[in-house]
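Take a moment to look over the sequence and the model below. We will walk through them together, a few residues at a time.

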Amino acid sequence: MKYIKFIALAVCFFMLTACNADENIDTEENPITTVSENVLTTNILPEKCPEDFSFSFIYGYNIKENYNGIDSDLGTVSKDLILNGTSSAPYQISDEDMQNIYSEIINQNIVGLCNLGIDITSHNLAIFTGNDGAYGQMPCEEYIFKFSLNGVLYTLKGDETTFNHPNDSEIKDEFSSFIKYLKRFVEGTSEFQSMPKAEGGYD
């Protein structure tokens, strides 16, 4: 009789374990839920900019050759002159601006976006979120933002198709807001504005 009870208990335990395993499998097969929660919880950073914080940001239509951008370590701001290459000028970013950019990293959850492990493009968002439809365009502006924080190097890549992605998402909004903020900052510097006008264009 005891043996029968033991068998019954063992069967119940096995069924419960199997149910829990199924739940775990369902979660692992749904990266949107898993990663989205991770994105929301990984960006636990102090409000004050750490002393070792540094960053670089480049963008353009042919960034392997010419680009616009800024580099806090090198102390430069750059402009794509297209036919005349890339022009760079010395630029010493202020502590206040470093804090503002760091705060924007927190506000737009950029550490979380980096942790997704994908380039933020409309095509990848369509696959990642399981939604139909993606926006494409040529030429397409590309973006690379790198920053060092507490001894860790983060990289965020993407392109402007994300801005016009047909489906709304938190990832789209955070990426778009952050990139547009950085572009306004770069192009608003007097050093950038004083550089020669670009000649030519991208088809």
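Helices (H or I, at least four residues) and strands (E, at least two) are DSSP runs, numbered from the N terminus. With those labels in hand, let us set the ground rules. You are looking at a predicted model, where local features need pLDDT of at least 70, side-chain atom pairs count only at pLDDT 80 or more, and totals for chains, interfaces and linings use all residues. Residues are numbered from 1 along each chain as its sequence is written, and side-chain values use heavy atoms, with hydrogens and water left out.

How confident is the predictor? Its confidence in each residue is called pLDDT and runs from 0 to 100. Here the mean pLDDT of the protein is 82, and 79% of the residues reach 70 or more. Read residues 1–42 with care: pLDDT stays under 50 there, and the model has 15 contacts (heavy atoms within 4.5 Å) beyond four places in sequence for this stretch.

Now for the backbone. Ile82 sits in the loop between strand S3 (76–80) and strand S4 (86–90). Although Ile82 is not a glycine, it has a positive phi of about 60 degrees. Ile82 is also buried, at a relative accessible area of 17%; buried means under 20% relative accessible area, exposed over 50%, and partly exposed in between (1.4 Å probe, protein chains only). Asn150, in the loop between S5 and strand S6 (152–159), is not a glycine either, and its phi is positive at about 55 degrees.

The peptide bond leading from Met138 to Pro139 is cis, with omega near -5 degrees.

Let us turn to charged side chains. Side chains of opposite charge can pair when their charged atoms come close. A salt bridge is counted when a side-chain nitrogen of Lys or Arg is within 4 Å of a carboxyl oxygen of Asp or Glu. How many salt bridges does a search of the whole structure find? There are 2.

One of them joins the side chains of Glu141 and Lys183, at 2.8 Å from N to O. Glu141 lies in the loop between helix H5 (122–129) and strand S5 (142–149), while Lys183 belongs to helix H6 (residues 170–188), so this pair ties together parts that are 42 residues apart in sequence. Glu141 is buried, with a relative accessible area of 6%.

Asp168 and Lys172 also form a salt bridge, with their closest N and O atoms 3.7 Å apart. Asp168 is exposed, at a relative accessible area of 68%, whereas Lys172 is buried, at 10%.

Terms used
pLDDT is the predictor's confidence in each residue, from 0 to 100.
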